[in-house]
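Reader: I'd like to learn how to read salt bridges in a structure. Could you walk me through it?

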Amino acid sequence: MDSTGDFRKIPFSPPDITDEEIKEVTDALKSGWITTGPKTKELERIVAKRCNTDKAACFSSSTAAMEMTLRILGIGQGDEVIVPAYTYTATASVVCHVGATPVMADVERGTFKIDKKQLKNLINERTKAIIPVDFAGVIEDYDEITDIVQSEKHLFKAKGKYQEAYGRPVIIADSAHGFGASQKGKMSGEIADFTSFSFHAVKNFTTAEGGAITWKEHDEIDGEELYNKFMLYSLHGQNKDALAKSRLGSWEYDIVAPLYKCNMTDIQAAIGTAQSKRYDSMLARRREIISMYENGLKGDIEITEHMGKDFTSSGHLMIVRIPGLYEAERNEFIVRMAERGVACNVHYKPLPMLSAYKNMGFDIKDYPNAYDMYRCEISLPLHTLLSDDDVRYVTDKFNEVYGEMPCH
C-alpha cells in the first residue's frame, strides 16, 4: 500500500478478450465448423496480408509451425541447427524433435541477439538451418545473418529439393513475440526465409493457443505446393481437410504419408479474426505504455529499445535490466514487487541452465553473455488491460523497491 492507501493487483499478462472475440467464437460454434474450416482460412489470409506474404499456414502452436518447417526442409538425423542460448525451450526443442542436433551460440554482449561472430564460426557442413529469435518482439539483424550464411555456403551439403533451392543454411525466424513488428520498411514475416509466430494466450495477438508460419517467395520454390505441404504435415498426411471433404461427392481422400496432427481449429481462429480488427489499436496502446515506463522508471537501469529510426517492435515484453543486481537479488526484487501487488517475470532462463540441456552437455559457463543478461533481467507487466494509473502504480513500486535494493 502506498502513501495514498492505494493497493492494486497487477497481473503480468492476462489476455485481452472482448465481446467481439466472444461473438466470433459463438458464431463458429453455431456454424457447425469447430475444427479447421473457413475461419482458419480467413485467419491465414489476414496473417499473410499483415506480413506482406503470399501465404501463411496456421498451426496449433508456433512450436508445431517451426517443427513442421524443419521436417519439410528435410532436416533430421546427422544435421545441426544453430540457436541462441538465450531463448525459450521451443527454439531448440523442435530441433531435437526432428532428430537433429541443436548447436548453441551466445548472445552479443549487452544484447539479446545471437552473437554473429560465433554464428559464423559454428557453421559447418552439417549446419542445415539457423533459428534466430525476435526477442521481446524486436526483429533480429537478418541482413547480417544472411550475409554470414551466404559467406559460408561453400560448406553447405544439400539434401532434398528444398535445401538445394536455398543452397545454404535456411534462416527460420522464431518470431513468437514478433507479430506486427517492422524493420527497414518490412514486416516480421517477410524478412527471414521462414517466420514462425505464436498466438498463445500471453501473446499480444492471441488465438488462446496457436501459431502460424510465413515464408518469403523463392524463384525455385512453388508457394502453393509448399502451403499444401504444410497442410499435409499438420493433418496426418491427409490430402483433404474436413472443409474440402464436405463438398458434395468429395468424401474420398488419401494419406500420402504417416504425418502429424497439429492443425488450428476454427474456434481458435475465430478469436484471431476478432483480434485482427483491433490489433493496430492494441499495438499503439502497447507503445504508449512502453513510453510511460521509459519516462517513469528511475535508476541505473537498462530498458530494451522498442522503437528506433528504422524499426518498431511488437511491444511484446517490457524488459528491464538492473546491472547492479545478481540472480538472488533480482529474485528478491521480484518478491518485493509481488508483495506490492505487481506480478513480474523473467525472460528467460538461458537454455544451458535447464536440466534438459544440461543433460545434453551444455554449460552456462560457456555462454557468459547470456548469463549476464539473465542475472539482472526483470519483465514488468505489459498488456492492453493496463490503465495509465496502473502503469504509474507499477513504476512507483519499481522505483520504491529499487531504492531499497543494493543496486545503486
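Author: Gladly! The chain holds 14 helices and 14 strands; these are DSSP runs, helices being H or I with at least four residues and strands E with at least two, numbered from the N terminus. This is a predicted model, where local features need pLDDT of at least 70 and side-chain atom pairs pLDDT 80 or more, while totals for chains, interfaces and linings use all residues. Residues are numbered from 1 along each chain as its sequence is written, and side-chain values use heavy atoms, leaving out hydrogens and water.

Reader: What is a salt bridge, and how many salt bridges does the whole structure have?

Author: Side chains of opposite charge can pair when their charged atoms come close. The cut-off here is a side-chain nitrogen of Lys or Arg within 4 Å of a carboxyl oxygen of Asp or Glu. A search of the whole structure gives 34 salt bridges.

Reader: Which residue forms a salt bridge with Lys116, and is Lys116 buried or exposed?

Author: The partner is Asp141, with the closest N and O atoms 3.7 Å apart. Lys116 sits in helix 5 and Asp141 in the loop between strand 4 and helix 6, 25 residues apart. Lys116 is buried because its relative accessibility is 3%, whereas Asp141, at 24%, is partly exposed. Buried means under 20% relative accessible area, exposed over 50%, and partly exposed in between (1.4 Å probe, protein chains only).

Reader: Which residues are linked in a network of salt bridges?

Author: Glu332, Arg336, Arg340, Lys397, Glu400 and Glu404 form such a network.
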